[in-house]
Amino acid sequence: MKIYKAGIIGYGGMAGNHEKVMRVDYDRMKLKGIYDIAESRLNAAQEQGYHAYSSREELLEDPEIDVVIIAATNEVHKDLAIAALRAGKHVLVEKPVTMSSEELEEIMEVAKDCCGLFTIDQNRRTNKDYILMRRSVESGKIGKPYVIESRVEGSRGMPAGWRTKKEQGGGMMLDWGVHLIDQLMNMYNDKVVSVYCKMFSVHYDEVDDNFRMTMTFESGLVAHIEVSTNNYIKHPRWYVLGTEGTLVINDWDCKGEIVRCLDKDNKWGVEIAETKAGPTKTMAPRSPETVQTFELSAPEDVTDNLTVVYNQLLDAVEGKSELTIKAEQTLRVMKVMEAAFESAAKDEAVKVNI
Ligand SMILES: NC(=O)c1ccc[n+]([C@@H]2O[C@H](COP(=O)([O-])OP(=O)(O)OC[C@H]3O[C@@H](n4cnc5c(N)ncnc54)[C@H](O)[C@@H]3O)[C@@H](O)[C@H]2O)c1
């Protein structure tokens, strides 16, 4: 088995995650060295026993490096990816792949003439909560889904630094929106026909620290996506309405349930029900024998780890399978995010064909 050698450009928080996974969990690819513009990060790499390259060119010219992982800040992804592809390397770029769809198209154009493969770290396609939601919906227990609500909510604001700066691709749409949109577009390979988004900059001037976005697929399915950074009481991670039931997954720990309706013909009596909300027929509670409840828990067969992203790249390099994280897919996600920015600026829904 060939053991691939990786070089990382941009050795911050996420690169530390790559370093750990390659050191602890992965045999097929090992980290050789690092390049970062910050001397402190080069020193840290050296102290950990990695080669610290004095320039990005030095890393890219190292013939031992097979795969370049780009984990620098977003505004430099495009130039770094193009340079690495031109140097003949396979390239894995962190999300968001670029600052815009135009930048991504530039990389894709260059990649056509290069021998290396180009993929993106859309690692949240392997998250257990997402796979549990997807499998549960696909099981048909809730009938045909018509609304999927996906939320990620924190209460500690955004980390200081580039995530708060527009010119470096800060803000929650590019940081988390990119994952949540990618998950749903990966689940439904269906055209997106409309996007409506409200963005809020509650505690930061330049970028969105909260957003609420509604995207509609051609089939009519509506996805509602929310990201918040100052939300002290959380909604469930997933809430899905289907024609025959409802699904909820509360958090990353995957605890949740499906409630499936057993009697589809509503049998209304003449009398109105007395509830805590006063007299009502429509909102009266349903009797327990008319529903079936399925408990949900974390799928044990799912590996939620960067190794899945590495494997799809190395399998494609070895001709065993195609890349599963393709630039064309992330291009569609970038376009949806651009429609969300446009919608937020105009305060109206944007018709699209993505
Ligand atoms: N896939 C995920 O789940 C995930 C999670 C976190 C971050 N990320 C992504 O990883 C990237 C880095 O995020 P982070 O949280 O590690 O940021 P960070 O600020 O911790 O690290 C970024 C590093 O890049 C370096 N850098 C900047 N410009 C450079 C250049 N031109 N050449 C070399 N090094 C350069 C900085 O000095 C810094 O050390 C971002 O694109 C981010 O969106 C992905």
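Q: Which residues does I70 touch, leaving aside those up to four places away in sequence? And what is around it?

A: Bear in mind that this is a predicted model. Leaving out residues up to four places away in sequence, I70 touches I9, G10, H77, L80, A81, A84, V91, V93 and E94. Zoom out a bit, and I70 turns up again in the largest nonpolar core, a set of 87 residues, where I70, M337 and A340 are the ones with the most contacts inside it. That core lies between domain 1 (4-121) and domain 2 (129-300 + 335-351), because both of them give residues to it.

Nine strands make up an open sheet with mixed pairing, running 16-13-12-11-7-10-9-8-17. Strand 16 (291-296) and strand 17 (350-351) sit at the edges with a single partner strand each, so one side of each has no neighbour in the sheet. Strand 17 pairs with strand 8 (residues 192-200) in the antiparallel sense, over two bridges; in one of the pairings, V350 of strand 17 is the bridge partner of V195. Helix 9 (residues 327-346) packs on the sheet here, touching strand 8, strand 9 (210-217) and strand 17, and its direction makes about 55° with that of strand 8. Helix 6 (residues 128-138) packs on the sheet too, with strand 7 (145-153), strand 11 (238-242), strand 12 (245-249), strand 13 (256-261) and strand 16 as its contacts. The direction of helix 6 makes about 170° with that of strand 12.

As for the whole chain, there are nine helices and 17 strands, and buried residues make up 40% of the 354 residues.

Notes
Residues are numbered from 1 along each chain as its sequence is written. This is a predicted model: local features need pLDDT of at least 70, side-chain atom pairs count only at pLDDT 80 or more; totals for chains, interfaces and linings use all residues. A nonpolar core is a set of buried Ala, Val, Leu, Ile, Met, Phe, Trp, Tyr and Cys residues joined through C-beta atoms within 7 Å. A residue is buried if 20 or more other C-beta atoms lie within 10 Å of its own, exposed if 12 or fewer, and partly exposed in between; C-beta atoms are placed from the backbone. Domain bounds come from an automatic or database domain assignment. Two residues are in contact if their C-beta atoms, placed from the backbone, lie within 7 Å. Two strands pair if DSSP finds at least two bridges between them. Helices (H or I, at least four residues) and strands (E, at least two) are DSSP runs, numbered from the N terminus. Axes are lines fitted to C-alpha atoms, for helices over the stretch in contact, and angles run from 0 to 180 degrees between N-to-C directions.
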